[in-house]
Amino acid sequence: MEIWVNPRCSKCRSAVSLLGEAGADYTVRRYLEDPPAEAELTAVLERLGLEPWDITRTGEKTAGELGLKSWPRTPDERPRWLAALVAHPELIQRPIITADDGTAVVARDETTVRSVLPR
């Protein structure tokens with residue numbers, strides 16, 4: 001299991017804590033220091049069942065500078081969104097957990113974190 005975190009994010013710290021308390025075997029990925037390549041991000045989005053705009057933090061300063069809120073959310077624009085997330089990983093919603101069973105979640109709450117724990 002891998003968890004993408006920003007150590008300054010309280011939801012990320014909470015998710016890591018929950019994984020630790022549960023004794024889960026996981027790897028921390030500081031995605032701001034080690035950003036995903038486009039192919040990796042695409043694979044994670046497929047596992048999440050989401051589009052790039054679904055995991056974009058549109059309230060970030062960078063999002064405003066890029067004008068993301070006005071970008072079309074269509075299949076034709078998907079490459080543009082992916083490129084923006086790869087170039088600006090701070091725009092990626094966090095934390096993201098990719099589980100060994102192939103599932104992935106945006107783990108913003110305790111219930112979602114627990115949903116990927118081995119039973």
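Helices here are DSSP runs of H or I, at least four residues long, and they are numbered from the N terminus. Keep that in mind for the last stop, helix α5, which spans residues 110-115. The model on your screen is predicted.

**Whole chain**

Show the protein as a cartoon. Count five helices and four strands. Trace the chain along its sequence and you read β-α-β-α-α-α-β-β-α. The radius of gyration is 14 Å, close to the 14 Å that the globule rule gives for 119 residues, so the protein is as compact as a globular protein of that length. Along the principal axes, the C-alpha atoms fill a box of roughly 40 × 25 × 25 Å.

**Surface and interior**

Of the 119 residues, 43% count as buried. Now display contacts between residues at least 6 apart in sequence: 63% of these join residues at least 24 apart.

**Charges**

Color the charged side chains. There are 16 positive and 19 negative charges, and their mean positions lie 7 Å apart.

**Arg114**

Select Arg114, in helix α5. Is Arg114 buried, partly exposed or exposed? Its relative accessibility is 35%, so Arg114 counts as partly exposed. The cut-offs are under 20% for buried and over 50% for exposed.

Finally, select Val86. This residue is 28 residues from Arg114 along the chain, and 28 Å separates their C-alpha atoms.

Definitions and conventions. Residues are numbered from 1 along each chain as its sequence is written. This is a predicted model: local features need pLDDT of at least 70, side-chain atom pairs count only at pLDDT 80 or more; totals for chains, interfaces and linings use all residues. Side-chain values use heavy atoms; hydrogens and water are left out. Helices (H or I, at least four residues) and strands (E, at least two) are DSSP runs, numbered from the N terminus. The radius of gyration is taken over C-alpha atoms; the globule rule is 2.2 Å times the number of residues to the power 0.38. Buried means under 20% relative accessible area, exposed over 50%, partly exposed in between (1.4 Å probe, protein chains only). Contact means heavy atoms within 4.5 Å. Lys and Arg count as positive and Asp and Glu as negative; His and the chain ends are not counted. The place of a charge is taken as NZ of Lys, CZ of Arg, CG of Asp or CD of Glu.
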